[in-house]
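Opening the notebook on this one.

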There are 2 protein chains.
Amino acid sequence: MPTRWYNILPDLPEPLPPVLHPGTKQPVTPDDLAPLFPMGLIMQEFSPERYIEIPEEVQVIYRTWRPTILYRAHRLEKHLDTPAKIFYKYEGTSQAGSHKLNTAVAQAYYNKMEGTRRIATETGAGQWGSALAMGCRFFDIELKVYMVRISYNQKPYRRVMMEAWGAHCVPSPSPDTKAGRDMLAKDPDCPGSLGLAISEAVEDAALRDDTHYSLGSVLNHVLLHQTIIGEETRLQMEIADAYPDIIVGCMGGGSNFAGQFIPWMRDKLSGAKPDLQIIGVEPASCPTLTRGPYAYDFGDVAGLTPLLKMYTLGHGFIPPPVHAGGLRYHGMAPIICHLHKLGLVEARAEHQLATFKAGITFARTEGILSAPEPMHAIKVVIDEALKCRESGEAKTILLAHSGHGHVDLGAYEAYLSGKLEDYAFPEDKLKESLAELPEV
Amino acid sequence: MPTRWYNILPDLPEPLPPVLHPGTKQPVTPDDLAPLFPMGLIMQEFSPERYIEIPEEVQVIYRTWRPTILYRAHRLEKHLDTPAKIFYKYEGTSQAGSHKLNTAVAQAYYNKMEGTRRIATETGAGQWGSALAMGCRFFDIELKVYMVRISYNQKPYRRVMMEAWGAHCVPSPSPDTKAGRDMLAKDPDCPGSLGLAISEAVEDAALRDDTHYSLGSVLNHVLLHQTIIGEETRLQMEIADAYPDIIVGCMGGGSNFAGQFIPWMRDKLSGAKPDLQIIGVEPASCPTLTRGPYAYDFGDVAGLTPLLKMYTLGHGFIPPPVHAGGLRYHGMAPIICHLHKLGLVEARAEHQLATFKAGITFARTEGILSAPEPMHAIKVVIDEALKCRESGEAKTILLAHSGHGHVDLGAYEAYLSGKLEDYAFPEDKLKESLAELPEV
């Protein structure tokens, strides 16, 4: 297992556009972020250091599930009759079932080091909330999770996981915050959204001295913690005497995808592997990179967060209720957006039914029941492998597989019984939400 | 990863009582079993060989999730403030989520080698059915699963897993067999039982030329395949420079427990570790070893199977609906029963609420969300560790942890919300069912 994270900031060909203060529109300083995050994480957000040592206490917990397995997908290759070599790095064997635990443990640690007694966060389908519930439990920190109401009602089992680990979980919008109360006054039946839940958690943390806020994706320090995935994969592929031509991952906030590709991006930037193809896959119903403009926007609905330069569908955009709840976010990690703008990362958008078809093919060949999010990446891996069958090229394809679908079996049932549907992209809503982009 | 299974039959201090033909009451011959099983498995059932090589094709699939991790439960030890050293071998990272895949893959392989095109089996809560669904899919064998109706209705997600892997699953009693039709005529609302589902699957296999039957526990060859767990643990504990004083596992049919302890039983029998304590844990509401007589009985309700010498609550006994569906069986593996009779294996019975309390403690210290079955073993591990705190002894305790509880979160919810209940043992029903034991 690698013992350090890789920070891409000093290696970027052009510097990342700064994060702006929502009031002054000036670049934020570490002090601006201090009410929300511990200084250990804030320093990582801006760090010029190429490598950051993983604290010993974090390593000890990582080792309870890491290194995760790098698989060669022999059975899938055979099924597709492709000359391509398919590898997948599977994060589903962590106790919380996804890659989220990599940053949850690190964030809980840095908070504990600075005496944080309580954390507030949001969660969509519940992957992040459950991972942070375990992270906080391990460092004896109280956790409150604002969970998007539609998921809270439709997917109770992720909530139960959080409660099993001792966290307190409420549906968002909730009466516990001003952002929540305002929305409930406007629409008592509001199904909620990730952006709104973020507003609630940020408000909670900003108003309480004993409480910090924690985000499960998007920010630089979150992507940093996830580079353990790619660093580990590099060591494993070296043993397998293989090197990827294509890396594919799903993107919601982008942390699993970036955690895998960032350590390989070094070689693309240095010229060691200039033709490395890096493909992020998003839902066709929430097509941030494939349809949104590159602009400054808030990370949340209420406009409480700093402004991030990113591809965005507008902070007021509420995506259709696809089962891949982790991909239902209006924005994307600024590092990924920057690299996409520079032409270094590709983006594709896929419809729900096609991703489930790919997910079932994967289950019946490789055995793993994937969450709906990584099914998006699987769809593109299969596409690329079939292209190799046409062309006869034996490309090496690396799939970043973020986690299992054991808590998503209701979605499997809907698909297998023919009840799952695709959603048309709501063009009219996009127009509305883009009209609300903040002026910078 | 070990490359051979260990067969305890030649090392038993006294030979196992023979399996009897239900008609003639004479010991069954391999030919008697040929309508149900492929000869490869039948030969293992009676094998005098101490070690049996794991076929290369089975090893290749085992390696997609094996070796599984042996953990040291440092955080649980600290929480209990015990000098005991607690280790646990965790089988929950297999694609199907439990140890069942170890034998599912092997059974599918031996069937495939002899040209079996279709298999019929039963499942209770669904762990076995889903594991065999994946095993059969990997060897391209059609699978029909008779699933206990109450579980089919209450726990639909295990059925969805089976279907995701391509198996056909029906609730038992079903109209597809005589055993099922007879029961439905008597009681159209019958919730079913594992013994009845076995009757249906055995009848299905016996009547069709292209179909074999497959059992997920109890039989010698099933326990044989599970010894990969204990053999692997031995190698891992050697690296950790540790040796168990106590081994604890939960027992339904007994295959996970036996798979762990059988490879260590060698040392107890040879005198290398005579004081090794081996403890099996069963539900207080289905207390086979702790309350049943040691007698010949059928493995199923309809009396279609051969007669096995085992502790039994009577083949007509329907256990209360505890969430640990995998432990709701009237009998027990003959090898375990024999060793218990000889005083080499202990048995304890635990109530549901106490096991969930232990399971939550485990989740909050070790992170893993356990299935209700292994919570029974966790309860006893904690008891033993607390005894060590009293006595000051630094015993080494090894827990056989059979799998995750991701599909059991409804039970977690019931427990966390205070709705879970214990069941009194139905003494009157035991009396009735024991009156029906076959005469031998």
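This is a predicted model: local features need pLDDT of at least 70, side-chain atom pairs count only at pLDDT 80 or more; totals for chains, interfaces and linings use all residues.

Are Tyr109(B) and Tyr110(B) buried or exposed? I looked up both: Tyr109(B) is buried, and Tyr110(B) is buried too.

**Aromatic pairs**

Then I went back to Tyr109(B) and Tyr110(B): their ring centres are 5.1 Å apart and the planes sit at 75°, so I put the pair down as edge-to-face. The cut-off behind that call is over 60 degrees.

I also found an aromatic cluster in chain A, formed by Tyr71(A), Tyr88(A), Tyr90(A) and Phe362(A).

**Charges over rings**

Which ring does Arg75(A) lie over? I found it over the face of Phe138(B), at 3.8 Å from the ring centre. Next I checked Arg75(B), and its charged end sits over the ring of Phe138(A), 3.8 Å from the centre.

**Helix pair**

I turned to chain A, where helix α9 (residues 178-186) packs with helix α10 (residues 194-207). I noted an angle of about 140° and axes 7 Å apart. Roughly antiparallel would need an angle over 145 degrees, so I logged α9(A) and α10(A) as oblique to each other.

Who makes the contact? From α9(A) I listed Lys178(A), Ala179(A), Gly180(A) and Met183(A). From α10(A) I listed Leu196(A), Ser199(A), Glu200(A) and Glu203(A). Sorted by class, the contact of α9(A) with α10(A) comes to 3 nonpolar, 2 polar and 3 charged residues.

Terms used. Residues are numbered from 1 along each chain as its sequence is written. Chains are lettered from A and ligands numbered from 1 in the order in which they are written. Side-chain values use heavy atoms; hydrogens and water are left out. Axes are lines fitted to C-alpha atoms, for helices over the stretch in contact, and angles run from 0 to 180 degrees between N-to-C directions. Helices (H or I, at least four residues) and strands (E, at least two) are DSSP runs, numbered from the N terminus. Angles under 35 degrees count as roughly parallel, over 145 as roughly antiparallel, 65 to 115 as roughly perpendicular and the rest as oblique. Contact means heavy atoms within 4.5 Å. Ala, Val, Leu, Ile, Met, Phe, Trp, Tyr, Cys and Pro count as nonpolar, Asp, Glu, Lys and Arg as charged, and the others, Gly among them, as polar. Rings of Phe, Tyr and Trp (its six-membered ring) pair if their centres lie within 6.5 Å; planes under 30 degrees apart count as stacked, over 60 as edge-to-face and the rest as tilted. Buried means under 20% relative accessible area, exposed over 50%, partly exposed in between (1.4 Å probe, protein chains only). A charge sits over a ring if NZ of Lys or CZ of Arg is within 6 Å of the ring centre and within 35 degrees of the ring normal.
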